[in-house]
Protein chains: 4
Amino acid sequence: MTEKSPIPVVVNGALGQMGREVIKAVSQAEDMMLVGAVDLNPEYLGQDIGEIIGIGALEVPVLNDLQSVLVLATQEKVQGVMVDFTHPDSVYENTRSAIAYGVRPVIGTTGLSDKQLKDLEEFAEKASTGTLIIPNFSIGIVLLQQAAITASKYFDHVEIIELHHDRKADAPSGTAIKTAQMLGEMGKPFNPPKVASKETMAGARGATAEQNIPIHSIRLPGLIAHQEVLFGSPGELYTLRHDTSDRSCYMPGVLLSIRKVTELRSLVYGLEKII
Amino acid sequence: MTEKSPIPVVVNGALGQMGREVIKAVSQAEDMMLVGAVDLNPEYLGQDIGEIIGIGALEVPVLNDLQSVLVLATQEKVQGVMVDFTHPDSVYENTRSAIAYGVRPVIGTTGLSDKQLKDLEEFAEKASTGTLIIPNFSIGIVLLQQAAITASKYFDHVEIIELHHDRKADAPSGTAIKTAQMLGEMGKPFNPPKVASKETMAGARGATAEQNIPIHSIRLPGLIAHQEVLFGSPGELYTLRHDTSDRSCYMPGVLLSIRKVTELRSLVYGLEKII
Amino acid sequence: MTEKSPIPVVVNGALGQMGREVIKAVSQAEDMMLVGAVDLNPEYLGQDIGEIIGIGALEVPVLNDLQSVLVLATQEKVQGVMVDFTHPDSVYENTRSAIAYGVRPVIGTTGLSDKQLKDLEEFAEKASTGTLIIPNFSIGIVLLQQAAITASKYFDHVEIIELHHDRKADAPSGTAIKTAQMLGEMGKPFNPPKVASKETMAGARGATAEQNIPIHSIRLPGLIAHQEVLFGSPGELYTLRHDTSDRSCYMPGVLLSIRKVTELRSLVYGLEKII
Amino acid sequence: MTEKSPIPVVVNGALGQMGREVIKAVSQAEDMMLVGAVDLNPEYLGQDIGEIIGIGALEVPVLNDLQSVLVLATQEKVQGVMVDFTHPDSVYENTRSAIAYGVRPVIGTTGLSDKQLKDLEEFAEKASTGTLIIPNFSIGIVLLQQAAITASKYFDHVEIIELHHDRKADAPSGTAIKTAQMLGEMGKPFNPPKVASKETMAGARGATAEQNIPIHSIRLPGLIAHQEVLFGSPGELYTLRHDTSDRSCYMPGVLLSIRKVTELRSLVYGLEKII
């Protein structure tokens with residue numbers, strides 16, 4: 001890898017929690033070179049992003065003008081990549097700008113509308129510019145979901161348990177709902193009943209997602225973010241579990257996306273497409 | 001133990017699933033001696049109970065007259081014990097008969113009414129005859145429940161997950177409800193909310209038992225009988241789990257009860273009282 | 001399925017523990033028809049196999065001459081299948097006989113030598129007869145192993161924990177060793193150390209399989225057969241777990257094999273090849 | 001509680017990782033009042049400890065002279081408490097100083113020699129000053145260990161699995177060794193073998209602690225600090241598990257110790273003694 005020229009990377013939203021992790025990960029990747037850090041927060045304008053986040057000087061100042069920083073990503077031997085963790089309001093424009101400058105976007109910001117997605121797809125296609133829109137950078141969750149889809153061909157019974165810290169307000173979690181949807185799309189009704197079941201206390205059997213898949217949500221302090229998919233058939237149980245303990249777990253997915261986007265010529269949606 | 005005279009034991013309901021396990025367990029215990037086997041099923045009348053259940057001859061025929069068999073348990077050096085796994089309709093009379101004959105009852109049959117229990121309590125008291133009524137012989141579950149009660153003094157957050165095979169019709173399980181009741185009796189409201197929580201799909205957060213304890217019921221083929229109690233506080237999780245895979249798991253509790261009942265002079269309810 | 005003619009099935013080793021399960025499973029499958037049951041145990045010769053195993057008469061007597069029973073499997077509209085759970089000493093001859101009669105073998109008996117396997121491969125090829133050699137019929141384990149292989153491309157750290165009842169003498173389990181081998185064949189050294197690790201008590205870090213994969217073996221009464229593969233990377237854990245509680249769990253794999261072997265024209269080894 | 005006068009608390013080692021957590025916890029406890037913060041780190045001398053750790057001004061400056069701060073803890077209506085998370089080299093002197101000033105020590109710093117402990121015990125006894133020496137403030141671990149000791153009376157089979165991040169060099173963990181010791185002190189040999197077991201790969205069955213208790217150590221990135229104690233008997237499994245995800249988990253133990261030490265008149269060692 002070190003023989004090839006490193007990939008120039010711009011991080012947009014560099015001072016956010018995800019942005020800081022990306023700065024760290026990119027600056028430690030041998031095949032990448034951090035060339036720019038953008039953030040609208042005026043507090044640190046012009047200061048070195050490495051020093052701000054406590055990993056030592058990187059010689060990259062925080063700037064607030066995306067376009068001038070994108071230019072920096074076009075002056076190396078190989079084409080650059082922009083990683084964007086900003087805001088639903090600005091992500092569409094950011095992505096267009098990057099494509100316009102020939103810088104490949106890797107977008108972690110959520111909130112793009114279907115219409116915006118379609119626009120960006122056409123725009124990337126015309127420009128032949130690889131573009132990745134990734135709502136969830138966890139490789140582990142994608143692996144779990146794909147393993148679950150495979151398992152669902154052989155098991156007729158499945159339930160989902162998700163466990164999160166007690167500051168999470170909504171239940172079930174978005175990831176659990178998404179996992180159930182992916183299984184539901186197989187078009188197979190799960191959990192054919194053997195007996196007439198009866199809830200003597202309402203809610204005991206959980207929420208019912210598509211194709212009759214129950215989801216159970218646990219909320220306790222001490223938990224972080226966990227998901228289990230349990231498949232059962234007579235005499236056997238097959239369980240897939242994912243535990244997240246730290247935002248750093250998304251970085252392998254971010255780095256993989258940066259590498260993969262340089263091989264693409266159009267827009268691709270979802271980490272599962274490049275794994 | 002082998003120096004002391006063995007405890008003579010009569011098993012009532014010897015041909016049932018639990019009865020057969022008890023026959024096996026008692027006949028292998030060095031400090032016990034199987035002296036009688038009673039069952040109303042006429043099919044095997046007079047045949048050797050050991051041969052019927054496939055563990056070799058025990059020289060104990062299956063009889064259908066409880067009283068004459070109770071007499072056998074009174075003719076040894078030490079007083080006998082009757083283990084009863086029969087039917088809600090007969091358990092009260094069986095217990096009275098045993099006490100009347102001076103044979104100590106260990107009752108695993110459920111279904112005694114409060115009134116019947118009170119009667120038996122008085123009857124055992126007057127006769128100074130140790131009597132054990134044990135709705136659940138699992139030592140593991142009692143240990144779990146006692147450990148949970150201790151933990152509940154130090155943790156404010158708790159949830160219960162119970163997992164059973166898909167032939168179980170009711171949810172939550174009786175054991176999970178009982179566990180929640182035991183925690184609820186502490187008089188402490190659990191799970192004070194940190195955020196206004198919201199079920200986007202009804203049932204996701206489970207059933208709510210006393211003192212705000214959620215219970216979640218999983219039903220899948222491949223599961224047998226499992227219960228988890230999760231305690232959480234900031235930065236830490238403490239989990240108690242019990243897995244049952246076979247009826248044999250109740251035998252240590254049955255043998256313990258047989259030994260303990262010989263030391264009692266009155267009626268005691270629940271395995272937790274003698275552990 | 002019911003419109004098509006059912007697949008005629010012969011079970012060799014019908015009175016063994018696996019054979020009995022297969023009889024049950026095949027006789028309940030709508031697209032199969034049990035046409036023969038073979039066993040060398042003379043005790044039940046000529047008796048109805050369904051009655052012997054307690055599921056009601058199937059009109060199929062237990063016979064001891066494989067060849068005459070194979071003939072029965074060739075007299076239906078569609079070609080028959082022989083399921084073999086017999087003995088290492090006879091499995092090679094049984095398989096040759098089946099192929100010779102044009103009956104497709106599904107072989108669960110282990111112990112074939114490499115030379116025997118090669119012979120059978122050639123023999124099946126020449127006869128254009130689908131033949132399946134399946135050392136482990138658990139679909140769940142195959143799914144786990146395949147999901148683990150996929151995960152191992154994205155995770156550099158992995159450990160295996162296997163848990164079994166305490167009557168299992170050898171450690172690690174064959175399945176755990178096989179799982180480690182499959183991961184090892186990826187050619188990637190796992191678990192690059194971050195610190196100089198030190199066992200203050202020998203064995204704490206488990207056995208070391210190929211490519212530096214640790215295997216830990218737990219042996220306790222109350223356990224049955226369980227395997228966990230844990231993948232870790234910074235901030236995230238991905239766990240695959242399989243629990244076996246009953247021999248019935250192998251039946252979906254047996255039925256799948258019966259269906260698939262009718263589509264094959266040569267020998268195939270391993271359930272993973274037909275999933 | 002709010003009617004009683006709050007307990008005045010001094011934190012020694014206020015700028016360390018544990019010290020900062022204690023400052024936070026004490027300043028939020030209604031029945032306590034932070035009156036002093038001591039640290040030898042000169043960088044923040046004289047600055048407000050609340051501002052330094054980012055929770056807003058507490059009107060408590062960081063000072064470097066323990067004795068003058070101890071005086072502050074003696075000027076309230078109720079006697080004060082000193083929490084010490086400093087260094088093995090200074091902890092003995094710190095504890096003596098506190099006792100000399102009539103301030104009750106709660107000591108989390110490890111490294112006191114047996115001789116020093118004995119000295120402090122006598123010193124506290126003479127001064128009738130409650131003193132707590134607590135090597136591990138996790139209430140969850142103490143609960144787990146106590147529940148394990150209770151369970152070990154009823155189960156003959158037990159194994160310990162501990163799982164930690166891969167920066168942990170030593171295996172097994174100190175907590176696992178301590179747990180095994182506590183079980184071993186029961187004087188009962190665990191895990192009587194049913195079969196002659198055989199390790200086909202050395203280490204598979206883990207390390208062997210006292211009384212034949214196996215310990216298995218897993219090391220993976222993504223893990224934090226976890227311990228499982230598995231008890232097995234025929235047909236049943238009872239599992240105790242503790243997961244630590246954050247240093248905040250020790251704070252309930254610290255606050256409990258502060259409250260309990262005010263009721264003591266001598267030295268007490270170990271959180272298990274006051275639970």
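**Entry 1: C against D, strands.** I started at a bridge: K198(C) has D170(D) in β8(D) as its bridge partner. The strands involved are β9(C) and β8 of chain D, residues 170-171, which run parallel and are joined by 2 bridges. My strands are DSSP runs of E, at least two residues long, and my helices are runs of H or I, at least four long, both numbered from the N terminus. I call two strands paired if DSSP finds at least two bridges between them.

**Entry 2: ground rules.** The model is predicted, so I note that local features need pLDDT of at least 70 and side-chain atom pairs pLDDT 80 or more, while totals for chains, interfaces and linings use all residues. Residues count from 1 along each chain as its sequence is written, chains are lettered from A and ligands numbered from 1 in the order written, and side-chain values use heavy atoms, without hydrogens and water.

**Entry 3: C against D, size.** I took contact as heavy atoms within 4.5 Å. On that rule, 47 residues of chain C touch 47 residues of chain D. The two chains bury about 3400 Å² between them, 67% of it on carbon and sulfur atoms. Buried area here is the accessible area (1.4 Å probe) that two parts lose on being put together, summed over both.

Entry 4: I counted 2 salt bridges between chain C and chain D. The rule is a side-chain nitrogen of Lys or Arg within 4 Å of a carboxyl oxygen of Asp or Glu. One salt bridge links D166(D) with K194(C), with the closest N and O atoms 2.7 Å apart. Seven strands of chain C each give at least two residues to the side touching chain D: β7, β8, β9, β10, β11, β12 and β13.

**Entry 5: B against A.** I repeated the look-up here. Chain B has 47 residues in contact with 47 of chain A. Chain B and chain A bury about 3400 Å², with 67% on carbon and sulfur atoms. Here M201(B), L220(B) and P221(B) supply 17% of chain B's buried area, more than any other three residues. I counted 2 salt bridges. D166(B) forms one with K194(A), at 2.7 Å between the closest N and O atoms. Polar contacts come to 18 residue pairs. K198(A) stands opposite D170(B) in β8(B).

**Entry 6: the sheet.** How many strands form the open sheet? I read 10, with mixed pairing, in the order β10(B)-β11(B)-β7(B)-β12(B)-β13(B)-β13(D)-β12(D)-β7(D)-β11(D)-β10(D). Within chain B, β7 and β11 pair in the parallel sense over 5 bridges. L163(B) has I218(B) as its bridge partner in β11(B). Helix α7 of chain B, residues 174-184, packs on the sheet, and its direction makes about 170 degrees with that of β11(B). Axes are lines fitted to C-alpha atoms, for helices over the stretch in contact, with angles from 0 to 180 degrees between N-to-C directions.

How values were computed: A polar contact is a pair of N or O atoms within 3.5 Å; within protein, one must be able to donate a hydrogen and the other to accept it, and residues adjacent in sequence count only if both atoms are side-chain atoms.
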